[in-house]
Amino acid sequence: MTRTIIFTKRLRFVLSILLVVFISIGNCKAQQVDGKVIDINSKNPIPFANLKLTGSEYQGRSLGISARQNGTFTFKPKSYPFTVDVTAVGYTTKSVTITSDPKTWLITLKPETFILDDFIVSSEKITNEELKRSIQIEKLNVVELKNTASFNFYDAVINLKGVDVATQSIIVNSVNARGFNSTTNLRFKQFTDGIDTQAPGLGFSLGNIVGPTSLDIENLELIPGPTTSKYGPGAFNGVLLMTTKNPFDYQGLSVEAKGASIALEQFDDKFFTIGDAFISDISVRYANEIVKEKLAFKVNFSRLRGQDFRAQNYRNLGPGYEWETEHYEFNQGVNGVNVYGDDRGASIIKPKSVLQVIDGLPIISERDTVFQVTRKGYQEGDLANYTAENDKFSGALHYRLNPKTEFVFESFYGKASTIISSDDRLALRGFEIHQNKLELKHDNFFVRGYSTSQNSGNTFNIGKTAESILELAKPSEEWFRQYQLLVASGREFLDAREIADSSFPFNQFLNRFEPGTEQFDSLRNVIVQSQNPAFGAAIFDRSKLYHVETGMDLKLGKGFLDNLQIGSNIRLYDPETNGTIFTDSIGNDLTNFEYGFYVESKNQINKQLEVTLSGRVDKNENFNLVSSQRVSLIRQISNSQFIRGAIQTGRRIPNIREQYINQDLGDIQLVGGLTDVVDAYELQGNAFFINSLDKFIETVQDEANNDIRFGKEGPIDVSALRKENIDILRNGIIEQDRFRGIKPEQITSIEFGYKGLIEGKRLFEIVYYLNYYNNFIGTSRVIKPRTSPTEDLQLAMQQVLSPSSSNLFFVTDNARKDIITQGLELVYDVTSDQGTNLAINMTFASIISNNDDPLTPGFNTPPFKFNMKLGNNRLGRFFGAQLTWRFRSAFEWESSFADGTVPDYHTLDFQLTYRIPSIKSSVRIGGNNVLNHEQFNSFGSPEISSYYYLLFSYGL
């Protein structure tokens, strides 16, 4: 009851703020007039048309503007009438006189009738408004997205400077900018038409499984690094904004059909592999006006089916060489990356034993040996199939109250089956996300409310599935006990393993379940459908979030008050996971409430210098009020050349996953950072950091097997060696002040940049940034024995050396030391008079603070990235082509799922386009990774195969 009262008070408070905004709307007067350029025949908008002011007062000068992507333009006339020349590629130039009559602001152009090959059209490469932005924004319009050399338009972001992508499947890519990449990127936000696309129960966006289709996307903007105050307190690494087409501006039927062949079997490094599997993707869009210029609607549908990329990295993470993927005599501790059930090893002693018998006399080894042993796990393909499916539906109803005010109801639905990397590998099966939005928007304000709900369907945890299959055959405690006794009795390693995998002794247990057998398949099906915490791997998630926000442009006076933006938001998370992910359960209805306010203002100090100030405050029910501030300056140093600088402090409140997660992955328990969550496991003083255990095992094993210290046949007492090095473990005991409540993460970011356009065709850009992180949020990995080390360190030591007598915990935690990162980004982009575009960008990034904090930072970013794009959309009357090449240097990947090296790789993609204007259609042929180089961009995720595609589109 108390919680309900508090929430009601907060809701009333925020609604009061919204009421103030609505009252203020009535006092807002338009300071400008909007118009639109359309095709006289189709009535479709003409994007980026140029409008040049003409008349005697403008003689000798070139003054004008460019229309937007949707054909609209804005003038702030000093007087009426005025005349403009309107030009656009493929259309006849038209001179128009504009008066105060709104009818004159709708400009129609006729398509050009003579052959395009007979002339060359040069257009403005980038506007001064884009050059002088105080923040860095990478933008791709509808034309650029269509011509991207990729099967999926969403992949276009890969070619932008400073961008990292973690490819999880053919349909899910996780986007990131400026370091600390991950497959569950909590520091990067993604929006579609203002809707946060994160799955409420996961806390991050699943690529574009619920976003716009390729037919409905109008433009895409990426803002790297800490952004302005408008996008909430969590946008530390950047924001991706996707905007769909307005049904008033883009009408009619459009259809797109794509098919691709993909190479999925054992990797073949020969050039041009046509592949052995197929992917199909069909999209349909229809939009029309119900009442002209008043009411319009659109509907979208897309369906993707095929085989997915496969995670076939079986390299060994355990002792020995990485190519040792099978247990054999000299390595019993194999731990494959995409093999599950073999993750935790036990430290085993092989005592002195009979080596051989000569002349009837035994030769005895006087030396014990120490080694690691793991159980034989199951490969990912044994546990889950690689079917890729994605169905998407969306629709919108737009009602225009007047030319400047529009009411929108919009809905998105996505359903997917694929495999993703989270803290473990998850098989999404019938995973659904549904989003609904109501929005009232005006040139000077907006009010938006939306809800997001998810349904995990038949999703299951792959790692826990393997663990459960092994445990149901023979519990690990018994398996390791038998193995140790068999080895101690003189059995050979492989013999001991074979017996431990059997029903020994006396059929008390079951033989190891072998993949492909009816018994294995039946047991697997039971496990993946069960939520029983003892063995079930099914994920139950019906989480929801509700969000309301508003923003407004105000002009209250001179200076900073002349260009003022204010806004506010409230959000409620409502997890429902039955305890399979969060701490919610029957009788414990978990919710989380937060709200925030922002203000931003610009001031033109003089003709060359502009200053932008912004600030934001946020409150989450579990944390104190936090604030963020930003100051940026932009200075014009010459015509079309600008330099900028900015400093920003920001705070990221831990999201609901970092606060409340309490998930059993089989061999690991994930624990949120809130005191109430982590205290349930009593880790302080009762557990060790994993890095101290790893160091202890490595030290003892190296010394025990050290021929120089003990000689090849010298006696050795492993117990004595463990006592000798036990201080390593003692120093790794979790201190009493650890895990006493997670804190918001803080960043201080400094950025400098230059951006200039030379001769109207050559774009240069350079950006340097430096980020300081305090209270960085990551994962502390700890192991808890059954006996507290503060009570009996020796016994606790023995227990942590065996998986059967200890438990692993990954706890959301703050780093105790600051982390510093830096980066340098360079761009050269030139377009010839014939329309050929060459764009090159390079990025250097590094983490420059070294510390021994046990928390895993996971920078996960290549030190060097290089992208090149070469293309021309008008090589002929109907023909266009694009070629892209990307290189990524090797880097280390750290995550809760797996740590390892991502080797350097490079990728060549191409696309050829043939337009058929007579039927409003085009055909595209393309290929990705056509050089067929084996590669992956996040450790433990699937290998990215070569594939070739054919695409036919009709309509817009």
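Predicted model: local features only at pLDDT ≥ 70, side-chain atom pairs only at ≥ 80, totals over all residues.

Colleague: How far apart are the closest N and O atoms of K139 and E221?

Modeller: Side chains of opposite charge can pair when their charged atoms come close. A salt bridge requires a nitrogen of Lys or Arg within 4 Å of a carboxyl oxygen of Asp or Glu. K139 and E221 form such a salt bridge, with their closest N and O atoms separated by 3.8 Å.

Colleague: How many residues apart in sequence are the parts that this pair ties together?

Modeller: K139 belongs to strand β8 and E221 to strand β13, so the pair ties together parts of the chain whose separation in sequence is 82 residues.

Colleague: Is E221 buried or exposed?

Modeller: The term buried applies under 20% relative accessible area. K139 has a value of 32% and is partly exposed. E221 has a value of 16%, and is therefore buried.

Colleague: Which strand holds E751, the salt-bridge partner of R178?

Modeller: The closest N and O atoms of R178 and E751 are 3.1 Å apart. R178 is in the loop between β10 (173-177) and β11 (188-192), 573 residues away from E751. The strand that holds E751 is β38 (residues 745-758).

Colleague: What is the relative accessible area of E751?

Modeller: R178 is buried, at 3% relative accessibility. E751 is buried as well, and its relative accessible area is 8%.

Colleague: Where does D899, the partner of R781, lie?

Modeller: R781 and D899 form a salt bridge whose closest N and O atoms are 3.0 Å apart. R781 is in strand β40 (residues 777-785), and the pair ties together parts 118 residues apart in sequence. D899 lies in the loop between β46 (891-893) and β47 (900-902).

Colleague: How many salt bridges does the structure hold?

Modeller: The pairs discussed include K139 with E221 and R178 with E751. For the structure, the number of salt bridges is 44.

Conventions:
Residues numbered from 1 in each chain as written. Heavy atoms only, no water. Salt bridge = Lys/Arg side-chain N within 4 Å of Asp/Glu carboxyl O. Helix = DSSP H or I, 4+ residues; strand = E, 2+ residues; numbered from the N terminus. Buried < 20%, exposed > 50% of the residue type's maximum accessible area, 1.4 Å probe, protein only.
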